[in-house]
Structure formats: structure tokens, C-alpha cells
Amino acid sequence: MLKVESLQKTYPGRRGDPPVKAVDSVTFQVKEGELVGLLGPNGAGKTTIVKMICGLIRPDQGQVLINGFNMTSARSSALENISAVLEGNRNLYWRLTVRENLEFFAALKGKNPKTLTSDMEKYIDFFRLEEKINVEARKLSRGMQQKLSIAVAMIANSPILVLDEPTLGLDVQASNEIRVLLKRAVAEEGRTIILTTHDMSVVQDTCERAVIISDGRMIADDKVHNFLELFKAKVYQIRIRGHLTETQRLALLSMNEVAVESESHEGTVLSVRLEDPKILYDVFAVLGQENSFIESIDRQANNLERVFLEILRRSGGGGQETAVI
Amino acid sequence: MAKKLLLFKAFLKKEFILFRRYLVNSIGGMLTIYVIFLLLLGSYRGLVGGGDHGDTVEQLVVGYVLWFFMLSTYQDVAYTLRREAKEGTLEQLYMSVHGFGWVMGAKAAAGFFVNSILVVILLRAVMVVTGSTLNIDLLSIVPITIFTLIGILGIGFTVGGLTLVFKRIESFTQMIQFALVALVAVDPQSVWWVRLLPGSYGASLVRRVMIGGAHLSNLGFWECAFFIVISLGHLGLGYGIYRLCERKAMSEGLLGHY
Ligand SMILES: Nc1ncnc2c1ncn2[C@@H]1O[C@H](COP(=O)(O)OP(=O)(O)O)[C@@H](O)[C@H]1O
Ligand SMILES: [Mg+2]
């Protein structure tokens, strides 16, 4: 069980820059055997949260409990229960081979390499590293390196694993392989995993639960299927030629399910959430009054990305900036 | 304690693997060090005009080899900290269950063994080429050298800590290797407070054994005790400075490569 309580971190500004409030009262828990995604755009504060969880950055306020051990006051016991793969590709010694990396980091986590043989075989098999066992890490593909980093984090059998952007910079195939392996690690070994990503598809693919972070604050924490359920209604995008008249605008905006997404010389785009199909008739009626010309009607897929943007919009966090992720 | 031994073994294995795997680099580095010595020797003989000048060649031999040992030890700490911070493995070292102090201790001890081999080879080579005879009394030399190097670890921690916090001080750290030359060369016999500098006291004791033919028992209890206290003091001070830097690095998120 991982408990994060009211974490707060402000970085001092460098060379005259103002201080950066990177994390602001973040509280959540991850239960044993859960796979939770920490989702948020770049700069949201995910890496800072991860490093505070791992005891690599000292929080200004709040605490981290790893299976009950406080990361600050019972550091060494806490560290026995957690391993991490941090952002980027440098969690390994590049000049050591796959096997040597596994052995070295196991010892660093307090395991005797001699009692390791069966675990070694297990993880080499699990991550399909057997052919590369005597290859130096620097000579592996990016995907292989990432698999090795995760294997290295798992070899000491720490119950909790933290992965910062585990699929960043990987090709589609490697990314998919890692998603599958992480799900298996939870299903087959009961590991507790918390991963961060700015990629909605990773969370939708792998996680049961997501904690959404924006500008250092937590803006949502729920089961992924609940997030999808929340906006289960289909969304249609209606593109019309020209502008709306003032009466049309007022009539449309009085309907909760309708939003004007954009309006320009090229035309106007409305989005309509179809909780009740009757709403479409109402919309058509308003458009028909002034003979507005409908250019297209598209159904939008309901995915986590939409949900995410919608949540950000509702929380008042700038939906504009996040549109670039 | 058994677990700390495992940690030490892991580092020892890693150091030896890397030494063997990059043998060409290792030998190349050694050759450079050896050639520099020959150049020094040549210019020295040119200056004093050949012939036998008593102990002075022996002074050069002992001073040079000791400097090399000190430099390697210093780099093992200072450069390791810098490189691992840059490459991202430092954060993994910090997540070790052993605690970072033990991790660096194991790393330094492992480095000592690998460096010792190089030092023995270098010493052999420069003794042969200069035809110098030295008193190789291991029982006296080894403990003195170990405590001399312990003091040098203090410098390594200080510089390593400072590079964590102030990433751009590389040119300053280059100068340390020249400072080490001075520390080996100065003679505590003439100015008493030189003994308080890291490395100097130990270097003079090593010279007394290897060139003067003294034995550890000739040095006397108080001298040895004083020497040990000074060495541990340097380590303590250096590690203390490192811990301060580490505090700052952990609060500003500088253990990684941000
Ligand atoms: N060591 C640091 N010093 C100063 N500012 C930092 C540091 N690390 C991150 N930041 C800033 O804190 C904010 C959050 O960064 P980060 O935690 O890396 O977010 P994420 O991982 O979600 O992209 C960003 O504005 C980033 O520029
Ligand atoms: Mg990040």
C-alpha cells in the first residue's frame, strides 16, 4: 500500500526566475495489487511526485508511506518495499551486460546474488531477454533497455514499483509489449504498480485507476471505466457554414448538451452530447429557423483523451494548453 | 554486516568486469601515466646533470606513485558522483536499502583494490627504469597508505558534492589533480601545519618508510595516532560538506540531471 499525503513542493527559482510550484497538496493511495496511472500533461508535476515517493526529492510538506514506512523517518525500510524506473533511459550501467546489471542492482537492494538464480531465470524469461543475456546494455535497442530497466526494478522483489513515463520514446511495438508485461506483473505476481504518462492510451490500455494531475494539482481520481462512463454519451460534431445569429446562439447555449467549439470565417463548429437523442431535433430546429447550411456531422469517438480534456475544462485548468499533449 | 559485504562484493565485481572489458583503455591510461613519469625523470636528470644524487630519484618515484594512487582515489569518488548524476544511475544508488554512505564506502573500497593492482604495476615499472631500491615493507606501507587515501576521500566527497549542486565547476575540479601534486610534494618536516593538509602527512610517512627505511614501530604511537585522527578528520569534514550539498540537491531536485 502506497500512501501519499498532502505532498507539496516548490522549486526555488534559478538565476532570478520566480519559484515554481510543481506539486500542490496531492493526496492519493494505491492499494496492493493495483495498477494506477498518474496522468497529466508535460510539466504537470508527475516526475516531481514520483521522485518524492522514491525519497529522491524532499517534500516541502506532506509525507509518503510505503507499506506503512515513512520515506523520511524510516527510509531504509521504506526503500525495501519500493523500486523505480525513472524517466529516460539511464537506469542501467550501460557498459555492464544484461545479467551483470540484474546482479548488481539486486545486491544494491540487499539481495544475495547466489540466492537469485531462480528469480534471474524467471525475469529473463518474463522479459524475453535470454538471447541478450551477455550483451552490454548500451548495445540493446531502446525497447530492450526499457524492459531490462523494469526487470532490474523487479528482481529484488519489492512489492511496489514506480515507473516514470515507461513507454516514452518507444516504438509502437515495444510500447505495446511493455503495456502487456506490466499488466501481467500485476495479474501474475500481485505487484503494485504506479506509472506516470502524458499518453492517455497507456492509461486506457493498462490501468484500472487514474489520478489526473494538472499544474501540480490533483483534479480527478477514479476508475478508468468510470471516467469513460462519465462521458459515455456519444458526441457529435456539427459543422455549419457562416456564423450563428444572436437568437440561434442564445437558443443553443441554453441547451446544456451543446457547446460552440469554434467560430470563424470558415464556419462554426458545434459539439452536441447525445445523452438523449431528442436533443438533435432541437438543435436542427434552431439551425433550420435561419436556414443555416450544415456542412457535416461527425460522430466523435469517446476516448480518455476527450474525457481528459473535458475534466480539465470543467476544473477550470486551461483546456487550451493541454490540447497540445 | 553480511549484507554490507555483499554490497562490497557487488562493487568489486563491477569494477573488475569494467577493468577487464575496457582493458585497452585501462592499459592506455597506465601507459600515459608511465610516459609522463619518464618525461619527468628525463627533465629532472637534465636539470641536475645526470649522475647519482642520493635519495632524490627515490623521492620522485615514491611521490609520483603516491600521487597516482591519490588521484585515482579522488576520481573514484568525485568523478563517479558527477558521472552517475549525469547518467541517471546516482538516483538508483540513492534508492539502495544500504544507505548512500555505505554504498559510497563499498564503492571506494572496491576501487582501492583495483587501483592497488595498477599502483603495484606502476611502482614496479618506475623502480626498474630508475634502478632505485626502496624499502617495500608492506606491513608499514599498507596501513599508512590506506589512511592517507581515507583523507583524500574527503576531498573527493567535497568536490563531488559541490558538482552535484553547482553543475558547472568542471574547470575548477581539473585543478585538484595539480593541487594533489603539491600536497604530496610539501614537506611537513619544515612547516608544521602542512601536516594538517590532506595527504601531506601520509606522504611524508610513506617516504620515511620507503626511502628512510623506517618501520611502523619507529614512528611512535603519538605520531600514528595524530596521523589517523587527521585523516579521519578530513574524511569527516569532506563527507559533512557532501551531506550539506546532498541536502540542497534533494530539496532542489538535482540528484538527477535536471
Ligand atoms: N529540479 C527542478 N528545479 C526547478 N524546477 C523544476 C525542477 N524539476 C522540475 N521543475 C519544474 O517543475 C514543474 C513540474 O515538472 P515535472 O515534475 O518534471 O513534470 P512532469 O513530469 O509532469 O512533466 C515544471 O514546471 C518543471 O519545469
Ligand atoms: Mg516527467
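Visitor: Which residue's side chain does A:K9 join in a polar contact?

Guide: Welcome! This is a predicted model, where local features need pLDDT of at least 70, side-chain atom pairs count only at pLDDT 80 or more, and totals for chains, interfaces and linings use all residues. Residues are numbered from 1 along each chain as its sequence is written, chains are lettered from A in the order in which they are written, and side-chain values use heavy atoms, without hydrogens and water. A polar contact is a pair of N or O atoms within 3.5 Å; within protein, one must be able to donate a hydrogen and the other to accept it, and residues adjacent in sequence count only if both atoms are side-chain atoms. At 3.2 Å, the side chain of A:K9 is joined to that of A:D60.

Visitor: Is A:K9 buried or exposed?

Guide: Buried means under 20% relative accessible area, exposed over 50%, and partly exposed in between (1.4 Å probe, protein chains only). Since A:K9 has 1% relative accessibility, A:K9 counts as buried.

Visitor: How many salt bridges are there between chain A and chain B?

Guide: A salt bridge is a side-chain nitrogen of Lys or Arg within 4 Å of a carboxyl oxygen of Asp or Glu. The side chains of B:K13 and A:E103 meet in one, at 2.8 Å from N to O. Between chain A and chain B, the count is 3 salt bridges.

Visitor: How many residues does the contact take from chain A, and how many from chain B?

Guide: Contact means heavy atoms within 4.5 Å. The numbers are 41 residues from chain A and 35 residues from chain B.
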